[in-house]
Amino acid sequence: MAVIDVTKTQALKGQSKTAARKAAARNVPSHADLPVNQILRGDCIASMQKLPDASVDLVFADPPYNLQLGGDLFRPEGSMVDAVDDDWDKFDTFAAYDKFTRAWLKEARRILKPDGALWVIGSYHNIFRVGAAIQDLGFWVLNDVVWRKSNPMPNFRGTRFTNAHETLIWASREENAKYTFNYRAMKTLNDELQMRSDWLFPICGGQERLKRDGKKAHPTQKPEALIYRVLLATTKKGDVVLDPFFGTGTTGAVAKRLGRDWIGCERDEGYIEVAEERIEAALPLDESALKTMQSPRSQPRVAFGTLVETGYIAPGTALHDKKRRWKAVVQADGSLVTDNDQGSIHKMGAVLQDAASCNGWTFWHFDDPELGMKPVDALRQKYLLATEP
């Protein structure tokens with residue numbers, strides 16, 4: 001893995017928002033035009049300025065917090081807290097921080113593809129200022145997600161509530177962007193419950209906490225599980241993810257595991273050394289393990305009869321609604337028969353409920369010997385995973 005300085009490429013031209021968007025869609029730079037899976041040494045703004053317009057799928061940013069610490073912080077027994085006091089987190093004024101924030105966000109929006117998206121994580125010190133800049137620059141906020149820390153650092157002075165969370169803002173490049181959201185994969189990840197916007201993860205510790213000479217390699221290292229969820233939810237295999245504040249390479253390591261390409265911007269040589277070693281050691285998941293459950297909107301159409309033909313569900317199988325009020329039996333042609341009628345999974349669900357329509361995939365359930373009642377959509381998803389190219 002090389003650390004390089006990229007050369008500036010020609011920017012795409014456009015006369016209006018609509019024309020620019022269409023032009024970008026037609027002229028998206030290829031991977032050959034990008035320094036994928038490499039760290040760009042130097043200031044993040046200067047590095048991003050050298051990248052083509054509309055060239056990356058996702059930007060994940062963990063910018064400086066601008067903590068404005070007024071002195072050392074000590075624990076009750078007298079030991080000093082290893083807080084963020086690095087030069088990269090220091091700005092003379094809020095105005096200076098705001099200027100910096102708008103500069104890197106402007107470049108991030110330029111290099112995002114029309115349907116690309118942005119994630120920014122921060123604490124109460126900076127996230128509200130960053131959020132205002134995000135909206136001012138034309139991004140469209142999709143969610144704010146709370147990372148709730150299961151093991152936060154106590155408030156040693158006892159003067160405030162324990163600061164037990166950080167906030168992530170997820171925004172598309174523009175209001176009508178067709179951004180990626182792997183809803184079905186998130187629901188599967190969450191035991192078939194819709195994923196909420198409050199996520200519980202511990203802060204880095206143990207073996208995951210990177211150290212150099214017995215000290216933390218980076219004061220604000222994020223847990224890989226957090227980035228894993230972000231990338232699994234909002235990118236696809238082969239997408240390009242840019243992290244303008246690369247640090248010790250968490251984004252790169254997780255992207256490599258998930259089969260995504262990455263670009264990192266970092267100016268600290270110590271962090272770069274740690275990131276290189278870490279990413280080199282990261283093992284990508286097996287190709288077959290990267291297949292994820294698809295949302296009904298994006299998945300190929302599959303007839304219920306196809307599941308019967310291919311043996312995923314056998315003729316004669318009894319199906320019920322979730323509360324077992326009604327029963328129907330699967331026929332050899334994929335239709336369902338009840339005591340009084342026969343038809344498709346959708347028609348019979350609607351008839352029994354006296355409804356205008358019904359999604360039979362989620363209405364009808366089968367008995368799984370190990371997992372209990374499961375919707376027949378679980379069999380469709382299993383079939384799609386097995387037959388995906």
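Figure 1. The model shown here and in the following views is predicted. In a regular strand the side chains alternate between the two faces of the sheet. On one side of the pairing scheme, strand E3 (residues 56-61) and E10 pair in the parallel sense over two bridges, and Val-59 stands opposite Leu-242 in E10. E10 is also joined by four bridges to strand E11 (residues 261-266), and these two strands run parallel. Here Asp-243 stands opposite Gly-264 in E11. Together with helix H7 (residues 250-257), E10 and E11 make a right-handed β-α-β unit.

**Figure 2. The largest nonpolar core.** This core has 32 residues, of which Val-56, Trp-104, Leu-105, Leu-118, Val-120, Ile-134 and Leu-242 touch the most other members. Two or more residues each come from helix H2 (44-49), E3, H3, E4, H4, strand E6 (165-172), E10 and E11. The most is given by H3, with six residues. A second, separate core has 31 residues, including Leu-231, Ala-253, Leu-258 and Ala-275.

**Figure 3. Surroundings of Leu-118.** Leu-118 is one of the residues that touch the most other members of the largest nonpolar core. Leaving aside residues up to four places away in sequence, Leu-118 touches Leu-58, Val-59, Trp-104, Leu-105 and Leu-112, among others. The contacts of Leu-118 also include Ile-134, Phe-139, Ile-169, Trp-170 and Ala-171. Of these partners, Trp-104, Leu-105 and Ile-134 are themselves named with Leu-118 among the core residues that touch the most other members.

**Figure 4. The salt bridge between Asp-57 and Lys-113.** Side chains of opposite charge can pair when their charged atoms come close. The structure holds 16 salt bridges, and one of them joins the side chains of Asp-57 and Lys-113, at 3.0 Å from N to O. This pair links distant parts of the chain, with Asp-57 in strand E3 and Lys-113 in strand E4 (residues 112-122), 56 residues apart. Asp-57 has a relative accessible area of 17% and is therefore buried.

**Figure 5. The salt bridge between Arg-102 and Asp-136.** The side chains of these two residues meet at 2.7 Å, N to O. Arg-102 lies in helix H3 (residues 94-111) and Asp-136 in helix H4 (residues 127-136), so that the pair, 34 residues apart, links distant parts of the chain. Arg-102 is partly exposed, with a relative accessible area of 35%, whereas Asp-136 counts as exposed at 53% relative accessibility.

Figure 6. The closest N and O atoms in the salt bridge of Arg-196 with Asp-198 are 2.9 Å apart. Arg-196 counts as exposed because its relative accessibility is 57%. Asp-198, at 32% relative accessibility, counts as partly exposed.

**Figure 7. Cysteine residues without a disulfide.** The count of disulfides comes to zero. A disulfide requires two cysteine sulfur atoms within 2.5 Å. The closest cysteine sulfur to that of Cys-44 belongs to Cys-265 and is 6.3 Å away, so the two are too far apart for a bond. Cys-44 is buried, with a relative accessible area of 6%. Cys-358 also counts as buried, at 16% relative accessibility.

Figure 8. Asn-37 is a residue other than glycine with a positive phi, near 60 degrees. Asn-37 is found in the loop between helix H1 (17-26) and strand E2 (38-41), and counts as partly exposed at 28% relative accessibility. Asp-354, likewise not a glycine, has a positive phi near 55 degrees. The loop that holds Asp-354 lies between helix H10 (345-353) and helix H11 (360-363). With 73% relative accessibility, Asp-354 counts as exposed.

Technical notes:
Residues numbered from 1 in each chain as written. Predicted model: local features only at pLDDT ≥ 70, side-chain atom pairs only at ≥ 80, totals over all residues. Heavy atoms only, no water. Buried < 20%, exposed > 50% of the residue type's maximum accessible area, 1.4 Å probe, protein only. Pairing = 2+ DSSP bridges. Right-handed = clockwise from strand over helix to strand, strands pointing away. Salt bridge = Lys/Arg side-chain N within 4 Å of Asp/Glu carboxyl O. Core = buried A, V, L, I, M, F, W, Y, C linked by side-chain atoms within 4.5 Å. Contact = heavy atoms within 4.5 Å.
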